[in-house]
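Work through the exercises below with the sequence and the model at hand. Each task is followed by a solution in steps.

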Amino acid sequence: MCTLLGNKAPTEEEWVEKGLDKYGVIAVSNGPGRDAAQVEKVDHATATKMLKVLGDIGAVGPSLGSFSVSAPLLEALCSEFSEELTKKEGKFDTDPHFWMPLTLPEEDYIQLMDQKGVSSDDARAHHVRMAKMKKAFEQGGNLKNMGLFGAVDVGDHACWWDYGQLKLYSANNHKFLDTDENSDLLRKFFGVTGHQMNSTVGEACQVDEKSYLSSCKVKMGDIKESILAGVEAIDVNADGAIIVNCTARKIVAGKNSILYNLIDDSEEGIVAASGDVIVSVTEESGEMMELRSKHSICGGKAWKDKVAGNHMSFEEVMVKNFGANVSKIESKRQELFKRTSSSFGQI
């Protein structure tokens, strides 16, 4: 599923303007079969070179990450990767490991995977493996009535909200405050029927008519143009902020700040300046590590760097928690949240 942008391939300027270098991109040919191919997060020049396999490109647009497969193709994939499935070993992602090797020439695929840190030998071996599966699938008569890979275009005016990038997470959550049709649909999708839902707000807390609160308990403070969900605090002063699953005696959050999963029992509480991003990563033991960033920092470019005073890079945090038991962690986090919140007395 994708949203194709117009009826011709975008120029280099349009590619940058639409942010296509940040997405998996699907291209569709002008040919009668409307063949399609996919590349992931590349610049205009790289995409143009790799998508020559399609011939005359008719339209290009970002993949929405939603797809369906036929029963025969699912059976073929299960058969091909039966060893990994049985052993429950290894990790494959649909875009780089399935769709791209199935739709791109070998050398182009190797070049693209090199940009992701995959050796040419490993990339070549995987492409050969998928090409062999593809040939057997085709020889089995499975492509007589349909193509191997096709695009389902939802149109360039369809509503979709991407939360995969920090700037988009912020922008799309702030849409709750808007009054246009897109924002109305967003609120309907998330079941938002009022500005304060399942929340207790004290008389000493001023909340403007634009803010949205869900499952919150706040005794005093001043909340303006902010989105709060699952927040329990004695005093909250928020202006243009997003605060999710946080508890503290006091929370101060400036414009465009984002606070997520923070549990704080200190007297000074949580303080976030304008543009600050502060999140907590909880381990199975209950130990919590605070990670910081800023709106001005691109997490993708700084993936391997230690930024904003952090002791670990984002990549190091991911690797450390790769095999973590998410259900156990969430149970422990909820326990810590309730214990800390209840220590503040009646909110």
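**Exercise 1: a charged patch**

Task: Find which residues form a negative surface patch, and place Glu14 in the chain.

Solution. Step 1: Glu12, Glu13, Glu14, Glu17 and Asp43 form a negative surface patch. A patch joins like charges within 9 Å, or nonpolar side chains (Val, Leu, Ile, Met, Phe, Trp, Tyr) within 5 Å, using residues with over 30% relative accessible area and no salt bridge. Asp and Glu count as negative, Lys and Arg as positive, while His and the chain ends are not counted. Step 2: Glu14 belongs to helix H1, residues 12-17. Helices (H or I, at least four residues) and strands (E, at least two) are DSSP runs numbered from the N terminus. Step 3: Glu14 has a relative accessible area of 33%, so Glu14 is partly exposed. Buried means under 20%, exposed over 50%, and partly exposed in between (1.4 Å probe, protein chains only).

The model is predicted: local features need pLDDT of at least 70 and side-chain atom pairs pLDDT 80 or more, whereas totals for chains, interfaces and linings use all residues. Residues are numbered from 1 along each chain as its sequence is written, and side-chain values use heavy atoms, leaving out hydrogens and water.

**Exercise 2: a residue in helix H3**

Task: Is Leu73 buried or exposed, and with which residues is Leu73 in contact, leaving aside neighbours within four places in sequence?

Solution. Step 1: Leu73 sits in helix H3, residues 71-80. Step 2: its relative accessible area is 7%, so Leu73 is buried. Step 3: beyond neighbours within four places in sequence, Leu73 is in contact (heavy atoms within 4.5 Å) with Trp99, Met133 and Phe137.

**Exercise 3: salt bridges**

Solution. Step 1: a salt bridge is a side-chain nitrogen of Lys or Arg within 4 Å of a carboxyl oxygen of Asp or Glu. The whole structure has 17 salt bridges. Glu80, Glu84 and Arg129 are linked in a network of salt bridges. Glu267 lies in the loop between strand S12 (258-260) and strand S13 (270-272) and Arg249 in strand S11 (residues 247-253), so the pair ties together parts 18 residues apart in sequence. Glu267 is exposed, at 62% relative accessibility, and Arg249 is partly exposed, at 23%.

Methods
Accessible areas come from the Shrake-Rupley method with a 1.4 Å probe; for residues, only the protein chains shown count as cover. The place of a charge is taken as NZ of Lys, CZ of Arg, CG of Asp or CD of Glu.
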